[in-house]
Amino acid sequence: MKSTLTFLENRTLWSIVRWGILIAAITIALFPYFWMLRLSVSGADSVALNGLEFLPNSWDFSNFARAWEEANLGRAMLNGAIVTLTILIFQLVTCIPAAYAFAKIPFRGRNVAFALVIGCLLVPTQANAMPLYLGMGFVGLGNTMTALILPFVSSAFGIFLLRQHMLTIPDALLEAARMDGLGTFSTLWRVVIPASLPSIATFSIFSIFVHWNDYLWPLLIARSTELHTPPLALAVFQDVQAGQDFGALAAGALIITAPIVLLYLLAQRSFERGFSGGEIPG
């Protein structure tokens with residue numbers, strides 16, 4: 001009886017410790033977003049960093065209007081949506097067939113080709129930026145929407161992620177599809193893609209996150225304000241107009257991050273299923 005009580009006490013203590021660690025981690029992770037929200041609704045007298053009150057002394061929602069108008073966030077977010085969704089469409093069109101070929105279609109040099117794909121994951125994006133910039137200028141695509149999209153029409157990470165999931169699809173299922181008279185592309189469209197929807201959704205969310213928040217490439221290629229994406233528009237707003245107006249800057253940051261946060265909340269289960277490789281109980 002005593003050993004049972006000791007076991008229960010230890011289990012309760014360990015549960016309290018785990019929950020404490022989890023709550024602390026969540027607090028640390030969410031605090032920057034809370035502080036951004038706090039600054040975005042603060043009046044000028046509450047933004048000063050010497051007080052650091054938990055809640056602002058005065059509330060000022062005009063920060064959102066100023067950030068939206070002066071940073072031209074409406075045009076920037078439209079540009080970001082066009083660039084992000086166009087890149088995603090091209091990536092799905094190129095990555096899904098490539099992943100299927102690497103996973104289920106034997107061909108000479110497949111392992112070498114896949115090793116090259118993995119090698120592309122080891123190359124930092126920053127290392128490609130200058131050659132891509134010079135190449136776009138050489139072919140006359142500098143300062144164009146096409147230049148914002150073209151370097152990202154495929155993704156080594158997307159091929160890798162989708163291929164790993166497609167490897168789990170039973171070969172017997174594909175063989176049954178072929179016996180029913182389905183060709184390669186029909187099998188891909190009617191069998192493989194439906195079976196790979198969790199990983200496709202996961203990659204789609206990841207791609208949207210990356211390219212919506214991309215700052216370096218638009219900074220290099222988009223010299224015209226009409227081509228600015230959300231992060232670049234907010235950076236220009238800080239340098240040219242807002243300066244040390246932290247309330248307006250926080251409001252602008254909240255505006256451009258809200259769609260991504262909402263997307264993740266809506267697609268969280270698909271994101272988790274894609275990385276876990278299985279169903280998540282409801």
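Select arginine 178 to begin: at 42% relative accessibility this residue counts as partly exposed. The classes used here are buried (under 20% relative accessible area), exposed (over 50%) and partly exposed (in between), with a 1.4 Å probe and protein chains only. The model is predicted: local features need pLDDT of at least 70, side-chain atom pairs count only at pLDDT 80 or more, and totals for chains, interfaces and linings use all residues. Residues are numbered from 1 along each chain as its sequence is written, and side-chain values use heavy atoms, with hydrogens and water left out.

**Salt bridges**

Arginine 178 forms a salt bridge with glutamate 175, and their closest N and O atoms are 3.2 Å apart. A salt bridge here is a side-chain nitrogen of Lys or Arg within 4 Å of a carboxyl oxygen of Asp or Glu. Both residues lie in helix α9, three residues apart, about one turn of the helix. Glutamate 175 is partly exposed, at 38% relative accessibility. Helices (H or I, at least four residues) and strands (E, at least two) are DSSP runs, numbered from the N terminus.

Next, select lysine 104 and aspartate 171, a salt bridge with the closest N and O atoms 2.7 Å apart. Lysine 104 lies in helix α4 and aspartate 171 in helix α9 (residues 171-179), so this pair ties together parts that are 67 residues apart in sequence. Lysine 104 is buried, at 17%, whereas aspartate 171 is exposed, at 52%.

Then go to arginine 66 and glutamate 70, whose closest N and O atoms are 3.1 Å apart in a salt bridge. Both belong to helix α3 (residues 62-70), four residues apart, about one turn of the helix. Arginine 66 is partly exposed at 24%, and glutamate 70 is partly exposed at 35%. The structure holds three salt bridges.

**Cores**

Select Met36, Ala67, Leu73, Leu234 and Phe237, which touch the most other members of the largest nonpolar core, a set of 23 residues. Helices α1, α4 (73-104), α11, α13 (230-242) and α14 (246-276) each supply at least two residues of this core. The largest share, nine residues, comes from α14. Apart from this core lies another, of 22 residues, including Ile96, Tyr100, Met166 and Ile193. A nonpolar core is a set of buried Ala, Val, Leu, Ile, Met, Phe, Trp, Tyr and Cys residues joined through side-chain atoms within 4.5 Å.

Now pick serine 204 in helix α11 (residues 197-212). Serine 204 is buried, at 13% relative accessibility. Leaving aside residues up to four places away in sequence, serine 204 touches Leu88 and Leu92 (contact means heavy atoms within 4.5 Å).

**Surface and cysteines**

Select Trp19, Leu22, Ile23, Ile26 and Leu30, a nonpolar surface patch with about 530 Å² of accessible area together. Isoleucine 26, in helix α1 (residues 2-40), is partly exposed at 42%. Patches are made of residues with over 30% relative accessible area and no salt bridge: like charges are joined within 9 Å, nonpolar side chains (Val, Leu, Ile, Met, Phe, Trp, Tyr) within 5 Å. Accessible areas come from the Shrake-Rupley method with a 1.4 Å probe; for residues, only the protein chains shown count as cover.

Cysteine 95 is buried at 0%, and cysteine 120 is partly exposed at 48%. The structure holds zero disulfides (pairs of cysteine sulfur atoms within 2.5 Å).

**Whole chain**

Finally, show everything: the protein has 14 helices and zero strands, and 35% of its 282 residues count as buried.
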